[in-house]
Amino acid sequence: MATSGGTRHAHDPLTLLPKVAERVELETTPQKETVSGFVMTRAAERSWQNVNRHLLSDKGALFWIGGPAGCGKTHFLNYILALADKAPVAAAGRRLVCGIELAGRMLRAEIEAAVLGTIAEKIGAPRDQSSLWLEVGGAQALTLAMEHARRVGIRACILAIDFSASEAEIPADFLRAAGEFAAKNSIVRLDTFIASRLAAPLPATNLTVAPEGAHETASVAIQRSRILHDSTQAADLYAGLDLGGFEPAEIFPFHPLTAKFIAELAGPCATIAQAAHLAREAIAAALDEAHLRRLIYPADLMDSVVIASMIEARLGNSARAALLAAEAAIVPLERNQRQLGREIIATIAVERALIGAAPIALAALRARLPILAAHDSDASWSDPALLEMLERLEKRSQGVVRVAADGAVSFEPQAAGAPEIARYNSALALAMRFDPSLPRAESGASLTAGSAALAEALALAVEEAHRVESVLRAALGEASLAMPPEQSKVLADYARLAEGGPALLIETAIDPERRSAAAAVINAYEKLAAAAEVAPRMRAMREFARDTALKIPGDDDFARDPKIAALQTECHLLLAELAPRTLADAPRGLDALEARFQKFKWTYAQLYSAAHSEWRSEMERLAIVAEDVRRRFDALVRLNAIATLGPAAGSEFGSRLDEVARAVVRCDREGALHPEVTPRCACGYRLGTPSPRVALQDLLAQIDRALHLKLEALSRSAIARIIREHDRAHRLEGLLKIIQASQTDALSRVL
């Protein structure tokens, strides 16, 4: 079988069509496919016969095509337009076809304007004419439009208005006028066709197209999903089968029971497009090397992922678990036996989902198994083999496949612990929040293994919850913060949920309200767990930034290095983002924050290494200056002790000298410096610390001025005379010369 648009082999009985659109659009000039692709229902055939008879009459009429959404109203309207346009016109002239598709909400006046505007456009009426029609409105406007149409050679007009996709209010008065015009006026023959989901609000000829029951829905849907090329070849495959009222050409390539199941699966409210989609899915799944070799049986429906999921949904949780247990039972079998077992399980499961729990007689089951039907097997040899397989399946599936004494087969979802399996599987989504590797249970053994794995995961979750609480409390404690009550509650609720074990978790998952509450607790806990996970990394980054001791740059720090100032700002921004209080909601961009920190750290390390080297040299130089300042200050103190030299000067310099001297610290480090590991040297140097050179030099200048005043006092003649008179051993002769020369540096050394 070739797909639509592909190359078809000579022996391909059908072509798979593209997926049917949920709704077709109105075509004012219908294509060839519009006619060939329309599948007539019995109602549509009757409606078309009615329309066809009317087209042979002299007068026009108003037709109302009604029915539910998706039943084919617009498609039928296109079909009418395509064929009616080819019907002969009674009088010499031409036919005008006007198609209008309405969507959304529209007022009656807007609809009337749209109809008159379309007619004016089709017949080429001047703008002033169409404006006049709109001003007049109603039946008179329609009469004026038809009179103009006659003047340009139009003798028949088909007006098609599609309300199928609209919630507009039906302009009953305007449409009634159209019907009355058609019945009484011979100016131009006017046929109006309305398609709507609503019932006709005015006298009209009612037309219906919807399928009559599930039987016809299946037939139409199948025909809309493929094109049949060889009906004779198709009919041969149905020889000897009870067609159940179907014709082979209607349902090929489906087994009659499968065709019935297609409609049943689609549901009573399904559109033709929805049912056709299921039929197409089943055909596509049955393709074998691009050729269809046999009919599609009920068991084959499970080959389609889409259809299988719908059937499993119909079965419910318990039956789905039983189906898994039964399928697990055939895995160890040999190939042909496994195929037979698969067909048996699929057949009884499909019928259980779509028909009910009634057992299937052995003969009926044999007729529904493709592997037996394909070989024209008779009961004399196939029934014993089938019974043997059924007994093996019953034993291996622990009663999911149930065989009665007369050989009738049924699907028993309550067997083999299926309810427990179903409960476990229904809770799996919630359970996997604790262990994502938990598998679905397909049998009692896998249920036991899964429950044990879940119990272990829950036990580990309890331990992990306590660890998370401990980490968070410690991290918050670093900032003297207590854990917020809402976080404590989340941790307690999570631990309680895990401590309850698998049984409590499964019960919680089954109840939608409790499941939603549990999921909210887990979501909140996972945020806290993420915060605890990043806490050590945040602490390490925070401690490094704090150990740099970088100060916040101030407005008065005019001489600061711009690079250091930027680094100081970044350091304090990082400390704010890495503060323990942010653990209340773990940083979402921690990786980006960490990359930003690494950039800060390596920039800091480079600047610190260079600045420390300069600082070390500066301290060596300033240590000499500080020693000289200390010596001069000591000289000043001694001179202040001589009362005859006057009041003491510069006594306040002592505290300042001590303060400045403490800032001069020599670094005696040996070996390389690694600021990327240890932010600061043992000497205590902090990046950005200003040199005390200026303060030291300023203090030196002030001490020198005080010494100079004392030297002036010493230089007076009376004092010099006293020194000469009393210095009999000439010990102060050098001092006198120094004083007279005003050499304060030499004086401080002498003193």
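Gly 37 is partly exposed, at a relative accessible area of 28%; partly exposed is the range between buried (under 20%) and exposed (over 50%), with a 1.4 Å probe and protein chains only. The model is predicted: local features need pLDDT of at least 70, side-chain atom pairs count only at pLDDT 80 or more, and totals for chains, interfaces and linings use all residues. Residues are numbered from 1 along each chain as its sequence is written, and side-chain values use heavy atoms, leaving out hydrogens and water.

The loop that holds Gly 37 runs between α1 (32–36) and α2 (42–55). Helices (H or I, at least four residues) and strands (E, at least two) are DSSP runs, numbered from the N terminus. Leaving aside residues up to four places away in sequence, Gly 37 touches His 75 and Arg 224, where contact means heavy atoms within 4.5 Å. Arg 226 is 189 residues from Gly 37 along the chain, and their C-alpha atoms are separated by 9.7 Å.

## The whole protein

The protein has 30 helices and ten strands. Of its 751 residues, 46% count as buried. Among contacts between residues at least 6 apart in sequence, 74% join residues at least 24 apart.

## Cysteines

A disulfide is a covalent bond between the sulfur atoms of two cysteines. Here the rule is a pair of cysteine sulfur atoms within 2.5 Å, and the count comes to zero. The cysteine sulfur closest to that of Cys 667 belongs to Cys 681, but at 3.6 Å it is too far for a bond. Cys 667 is buried, with a relative accessible area of 7%, whereas Cys 269 is exposed, with 76%.
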